[in-house]
Structures are given as C-alpha cells and as structure tokens.
Protein chains: 2
Amino acid sequence: MARKKQYNETEVIEKAMRLFWRNGYESTSVRMLEKEMGINQFSIYASFKNKEGVFLESIKLYNTRIKAITDTLEKSNNGVVGIKDYFLDFLDFSREGAIFKGCLVTNTVNEIKEDANPVIMAALKRFSLNIRVLFVRNLKQDDQRGVEEIEAQADYLMNALLGLSISSKVFNEAQLKSIIKITFLHL
Amino acid sequence: MARKKQYNETEVIEKAMRLFWRNGYESTSVRMLEKEMGINQFSIYASFKNKEGVFLESIKLYNTRIKAITDTLEKSNNGVVGIKDYFLDFLDFSREGAIFKGCLVTNTVNEIKEDANPVIMAALKRFSLNIRVLFVRNLKQDDQRGVEEIEAQADYLMNALLGLSISSKVFNEAQLKSIIKITFLHL
DNA sequence: CCAATAACTAAGCAGTTGCTTAGATTTAAC
DNA sequence: GTTAAATCTAAGCAACTGCTTAGTTATTGG
C-alpha cells in the first residue's frame with residue numbers, strides 16, 4: 001500500500017564503506033554520506049538508525065569482502081607460510097589502483113576514542129581478535145614452537161600487520177613487499 | 001607602556017602538547033585547549049596565531065623532549081643494538097604511568113588528512129624521516145650489510161615502530177617488550 | 001478512483017567547531 | 001596623574017556537526 005524505496009540498501013552501504021575507508025569515521029560527515037550514497041539524510045536514518053549504524057553495516061560489508069582472504073588463511077595448512085600469503089593478499093585487497101588505503105578496521109581503531117564510541121570499538125576489536133586467532137592456529141601447524149613462543153609470535157605478527165596499515169600510506173609497493181619479506185625471515 | 005602577559009608561553013604549550021598527545025589533533029578543540037592551558041582563546045590566538053600554530057609548537061616541544069633518546073641513538077656505536085635500545089627507550093618515554101600513549105607524531109600522522117593539513121603533515125614527515133636516517137646510520141655501523149639490505153631493513157624497522165604506536169594501546173608492557181625482542185631477531 | 005501508508009524533499013533544530021571583535025583592565029613612560 | 005599601548009574577559013560570528021520534523025509525493029490494495 002505504500003511507496004517503494006528508490007535505492008538498494010546494500011548498494012548504498014557499499015558506497016558508504018568506501019567513503020569511510022578513504023576518509024575515516026569522524027571526518028566523514030552525514031552530509032558527505034548523503035552525497036556519496038546518493039540518498040537523503042532522512043533515508044539514511046530510516047534505513048540505518050544513525051551514523052554509527054551506517055558504519056556498523058559498513059564493517060559488516062568489509063568483513064564479507066575480506067572473507068575471501070581470511071577464508072584462504074583459515075583453510076591453509078601451510079603454517080607461517082599461509083600467514084605470509086595473507087599479508088600479501090591483504091596488501092592487494094587494500095589497494096585501489098596505485099593507492100594503498102590500509103585496513104578499514106585498523107584505520108578506525110586508530111582514530112576513534114573508546115569511551116566516545118564503545119559500540120564501534122567493540123566491533124573493531126572483535127574483528128582484530130579473530131585474525132590473531134587464525135595466526136595462532138596457523139603457527140601451531142608448523143609443529144615446532146612452544147605455546148609461549150606461538151603467543152609471542154602472534155603478537156609480533158599483529159604488530160607488523162598494524163604497522164602495514166600506516167606504512168602503506170607512506171611506502172611504495174616494492175618497499176611494502178620487502179617489509180613483509182623481512183617480517184617473515186627466520187620465523 | 002603596556003600590560004604584561006600573565007602566562008608563560010612555554011608552560012602553556014607543555015600543557016597543550018600533553019592534551020594533543022592524549023587526544024589527537026582534530027578531537028582536541030580550542031575550548032579544551034583553553035581549559036587545559038588555563039588561558040583565554042584570545043591569548044591563544046595572540047600567542048600562536050591559530051590552532052595549527054599551537055600544534056606546531058607542541059611538536060617542537062615534543063622534539064626537545066624526545067631528544068634525549070634520539071641523542072643516545074645518534075651517539076651510539078652499537079649498530080642494530082643501538083636501535084633496539086631506542087625502541088625500548090621510546091616505550092618508556094611514551095608511557096604515562098601504566099598507560100602507553102604511543103608517539104605523538106605517529107598518532108597524528110594516522111589521524112589527519114594530508115590535503116586538509118599540509119603544513120602539519122610536512123612537519124610530521126620531516127620528524128619521521130629523521131628517525132629513519134638514524135636507523136640507516138646505525139645499520140651501516142655493523143659493517144656486514146649491503147646498501148640495498150640496509151634500506152630494506154630501515155623500512156622494516158620503521159614499520160615495526162609505527163606498529164608499536166598502535167600496539168601500545170592494545171597490548172600490555174610484557175607483550176610490547178616481547179614484540180620488540182622478536183622484531184630484532186630478524187636482523 | 002480513492003484512501004491509506006510508506007518514502008521522499010527540504011527546512012530547521014540545538015550544539016559544537018575555529019576564530020574575531022568590542023570593551024574593560026592593567027601596565028609603564030612621560 | 002595622564003595617556004598610550006598591550007592584555008585581558010566575554011560575547012558573538014558563520015559554518016559545521018548529527019539528527020528531526022513538517023509537509024509533499026508516489027505506490028498499492030480495495
């Protein structure tokens with residue numbers, strides 16, 4: 001009995017995600033989202049409740065997009081080699097042409113304050129923790145490390161991965177690949 | 001023939017720097033600076049021109065504060081061992097009690113957009129580049145690496161250092177020290 | 001074709017941002 | 001003591017923030 005939506009919610013979230021990825025959370029205004037998503041503020045709030053809602057949906061979409069890579073890591077049986085492949089795959093995933101945008105999640109973790117955005121922060125931490133779990137799982141496959149060593153190396157790898165999110169805005173592709181290469185030497 | 005300033009410019013910048021360090025650039029408002037610095041907005045603008053001016057002075061002060069550590073690195077003759085000491089010294093420097101605040105420069109690089117704040121970005125990049133120069137210098141001391149290897153390892157170390165700025169908000173002290181330890185196993 | 005319902009547009013809300021300005025107050029040379 | 005200059009306070013500026021609301025337009029079952 002009523003009018004139809006003139007937009008597809010998945011399609012507009014795709015556009016929102018790209019904007020957040022390029023721009024960050026705080027410095028992306030609802031007015032910018034309006035233009036990028038191609039719909040009115042009213043429709044944004046009707047569909048996603050508020051700006052936080054738009055971002056949480058963007059993270060969900062980001063998750064499904066990066067799933068191809070994490071799935072490969074999850075299915076891999078190559079131990080630390082599988083993790084290295086994940087690093088390289090991620091670099092490719094985070095690229096838009098010649099520009100590396102880093103990880104949407106890491107970028108946002110770095111930007112927002114936990115006490116100002118607890119819900120978003122929780123979602124982001126969940127995401128990061130899942131990756132660390134996969135690192136531990138793969139490190140166990142190699143069957144030559146003790147439990148403590150595995151935990152320490154997982155932290156080390158997380159640190160390198162977090163670093164890549166910043167480095168990818170400063171270094172070029174050859175440098176980034178070289179960083180990954182050295183990161184996995186002797187591991 | 002005129003009234004005297006009721007505040008010391010160096011002292012109020014000290015307070016501004018601490019606030020920026022804790023809070024970041026964008027999310028520190030001039031009203032917050034007013035309260036923290038203990039002076040009126042008029043005085044802020046009279047002394048430092050604008051918010052950007054306050055930040056640039058804060059970076060200068062940060063530079064003199066961290067100088068003790070970089071000086072140690074500059075004077076060290078221990079090659080890669082000197083760099084590792086720098087990492088550990090920095091961890092201590094960036095700590096406020098039990099809380100690690102990361103590097104003011106790295107935090108801000110991560111936060112601001114280059115085209116919105118080109119002057120600030122330039123100052124931050126200059127800072128980072130100086131550190132990388134010291135890394136290269138120390139790597140050369142060990143007298144066992146080729147030129148290409150040295151450049152690659154300097155990038156690798158910058159990546160780890162950048163990572164530490166994020167990691168220090170997620171991991172505890174023991175984990176951070178363990179990350180540093182493993183980072184230098186690879187050189 | 002009509003009435004009910006949802007989606008649309010656009011104006012506007014209060015609160016915050018960086019920054020400025022008008023006017024009062026303090027200082028110090030004469 | 002008067003006067004000129006710099007510093008102070010506090011109010012206010014336009015532009016922006018996330019979000020809401022009043023009113024119009026489109027859709028569809030009866």
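1. The model is a predicted one, in which local features need pLDDT of at least 70 and side-chain atom pairs count only at pLDDT 80 or more, while totals for chains, interfaces and linings use all residues. Residues are numbered from 1 along each chain as its sequence is written, and chains are lettered from A and ligands numbered from 1 in the order in which they are written.

2. Between the two copies, 25 residues of chain A are in contact with 24 residues of chain B (contact: C-beta atoms, placed from the backbone, within 7 Å). The same surface serves both copies, since 96% of the contact residues of chain A recur in chain B.

3. On the side of chain A that touches chain B, the elements giving two or more residues are helix H6 (104-111), helix H8 (147-167) and helix H9 (173-183) of chain A (helices are DSSP runs of H or I with at least four residues, numbered from the N terminus). H8(A) gives the most, with 11 residues. By class, this side has 10 nonpolar, 11 polar and 4 charged residues (nonpolar: Ala, Val, Leu, Ile, Met, Phe, Trp, Tyr, Cys and Pro; charged: Asp, Glu, Lys and Arg; polar: the others, Gly among them).

4. DNA strand C is surrounded by 23 residues, of which the closest are Ala2(A), Asn40(A), Phe42(A), Arg3(B) and Ser29(B) (near: C-beta atom, placed from the backbone, within 6 Å). Helix H3 (41-48) of chain A, and helices H2 (30-37) and H3 (41-48) of chain B, each supply at least two residues of this surface. The largest share, 4 residues, comes from H3(A). The surface near DNA strand C comprises 10 nonpolar, 7 polar and 6 charged residues.

5. Within chain B, helix H6 (residues 104-111) packs on helix H7 (residues 118-141) at an angle of about 135°, with the axes 10 Å apart (axes are lines fitted to C-alpha atoms over the stretch in contact, and angles run from 0 to 180 degrees between N-to-C directions). That makes H6(B) oblique to H7(B) (angles under 35 degrees count as roughly parallel, over 145 as roughly antiparallel, 65 to 115 as roughly perpendicular and the rest as oblique).

6. At this packing, Val105(B), Thr108(B) and Val109(B) of H6(B) meet Leu124(B), Phe127(B) and Ser128(B) of H7(B). The contact has 4 nonpolar, 2 polar and no charged residues.
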